Amino acid sequence: MSDTDHQIANDDDSAAEYALHLMAPAERAAFEQRLTVEPALAAKVDYWHAKLAPLADEIVPVAPPLAVQKRIEAALFGASKPRLVWWRWLAGGLVAAALGIAVLQPNLFSPAAPIYIAELADEGRSLVVVASLNAASGALVVTRQSGVVAAGRDQELWIILPNADAPISLGVLASAQTEILLPDELRGNLIDVVLAISDEPLGGSPTGAPTGAILVAGPLTLG
Amino acid sequence: MQIDDVEKLIGRVALRDRAALLSLYSATSAKLFGVCLRILGDRAESEDVLQEAYVRIWQRADQYAQRGYSPMTWLITIARNLAIDHLRARRAPSAGTELLEMLPDSAPNPEQAALAGEARAQLGLCLDGLEPTHADAVRRVYLDGDSYQDLATRHAVPLNTMRTWLRRSLQKLKECLGG
């Protein structure tokens, strides 16, 4: 092959070009689609990231002006404040309702059954999701019993802790039954906790806070 | 700050811990700003890209655990890719040569040198095994965000020739690096 022959890219070439950010946007988007379903290809990309990383050692750190940090805080956290309203209200209301129910639960104080459940449903029960949490292992099983995900959208699960600054994402509900491992940090206090599901763009909220409508919500209670 | 600490901070950022994001910013923003400046050569534009980078880090921290390389590399890649996107969108010659000349000499500090010593030595040896112009092309792509077109113009060769050239250099590099 002469140097002027157009060489067809094999996966090794493409992985290196992706890692080096040499691809045109359309080519990159198509490659990223493949990466989500081809772990071997993703490993090739990781290889180049790891091997070329020492090149960055020679880049000299330069302290950015303080204003940049303020702008980042404003961009990420400043605008989210008005959003606090819906879920504060939601958390308060649902937890109060749960306390009413809790009194009727005979096994509430049974130490042998650290299973928490939540039912998340709308009024017409067009969407019903049941979540079951093993408090010891942190395994949270989320089952969509009825309802569907809107075309081209995703449903994202959130946990709202009492006195928290914002809902915390537990991830996108990718299928009718999703198992999520609740992070250690969140297992400590499971009192007055609310789960909620929001309607989000594919892949989940781009901001880290819910951006779409809250579809359903419900308090986590001892099952 | 040790690599483990950066990793822990990213983990806390994934849990929407705002204080962790600010700690991560304090620990890593100078390096990422250096990356942006090197590629863009423009302070105001680099500040914009740095902001975008940390917004993206906040949004994607939960994806970090899936990757197989160091947390610093993950952070640098986010900043680097965004800076290159800005560079490509600009489509004008870099205005920042004066600034680049003002930056201090590119020498890693002893701590970094010890941490990354073996990997860097290997990469250095393998780059030395390439023809000097080819090794220079790899560096320019990584550090300065050069595109195939930039390299083709610099070396006065057709675009496809440049593409073939760099791909072969990378293949050769991979044979040397192994793994």
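1. In this predicted model, strands β1(A) and β2(A) form a hairpin, with six residues between them. A:R125 sits in the turn and has a positive phi of about 55 degrees. The two strands run antiparallel and are joined by seven bridges. Strand β2 of chain A covers residues 128–134, and its residue A:A131 stands opposite A:A118.

2. The side chains of β1(A), residues 115–121, alternate between two faces. A:Y116, A:A118 and A:L120 point to one face and are buried.

3. Which strands make up the open sheet in chain A? There are five, in the order β6-β3-β2-β1-β9, with antiparallel pairing. β6 (177–181) and β9 stand at the edges; each has a single partner strand, so one side of each has no neighbour in the sheet. Strands of a sheet pair through backbone hydrogen bonds, either parallel or antiparallel.

4. Chain A as a whole contains six helices and nine strands. Of its 223 residues, 29% are buried. Among contacts in chain A with a separation of 6 or more, 62% are between residues 24 or more positions apart.

5. The contact between the chains involves 47 residues of chain A and 56 residues of chain B. On the chain A side, the elements that give two or more residues are α1 (11–19), α3 (39–52), α4 (66–78) and β5 (168–172). By class, that side has 27 nonpolar, nine polar and 11 charged residues.

6. A:E17 lies in helix α1 of chain A. Is this residue buried or exposed? A:E17 is buried, because 23 other C-beta atoms lie within 10 Å and the cut-off for burial is 20 or more. Leaving aside neighbours within four places in sequence, A:E17 is in contact with A:L22 and A:M23. The C-alpha atoms of A:E17 and A:W48 are separated by 9.2 Å, and the two residues are 31 residues apart along the chain.

7. Helix α10 of chain B has 19 residues, 159–177. At 1.5 Å a residue the helix should span 27 Å, and its end C-alpha atoms are 27 Å apart, which agrees. After α10(B) comes B:G178, with a positive phi near 70 degrees.

8. The buried residues of α10(B) include B:M162, B:W165, B:L166, B:L170 and B:L173, and also B:R163 and B:R167. What covers the buried residues of this helix? The cover includes α1 of chain A together with α7 (117–128), α8 (132–144) and α9 (148–155) of chain B. Helix α1 of chain A is also one of the elements that give two or more residues to the side touching chain B.

9. The largest nonpolar core has 58 residues. Those with the most contacts inside this core are B:V13, B:L32, B:V35, B:C36, B:A53, B:A79 and B:A83. Leaving aside neighbours within four places in sequence, B:V13 is in contact with B:A20, B:L21, B:L24, B:I57, B:W58 and B:A61. A second, separate core has 24 residues, including A:V129, A:L133, A:L157 and A:I197.

How values were computed: Residues numbered from 1 in each chain as written. Chains lettered and ligands numbered in written order. Predicted model: local features only at pLDDT ≥ 70, side-chain atom pairs only at ≥ 80, totals over all residues. Contact = placed C-beta atoms within 7 Å. Helix = DSSP H or I, 4+ residues; strand = E, 2+ residues; numbered from the N terminus. Nonpolar A, V, L, I, M, F, W, Y, C, P; charged D, E, K, R; others polar. Buried ≥ 20, exposed ≤ 12 C-beta atoms within 10 Å, placed from the backbone. Core = buried A, V, L, I, M, F, W, Y, C linked by C-beta atoms within 7 Å. Pairing = 2+ DSSP bridges. Expected span 1.5 Å × (residues − 1).
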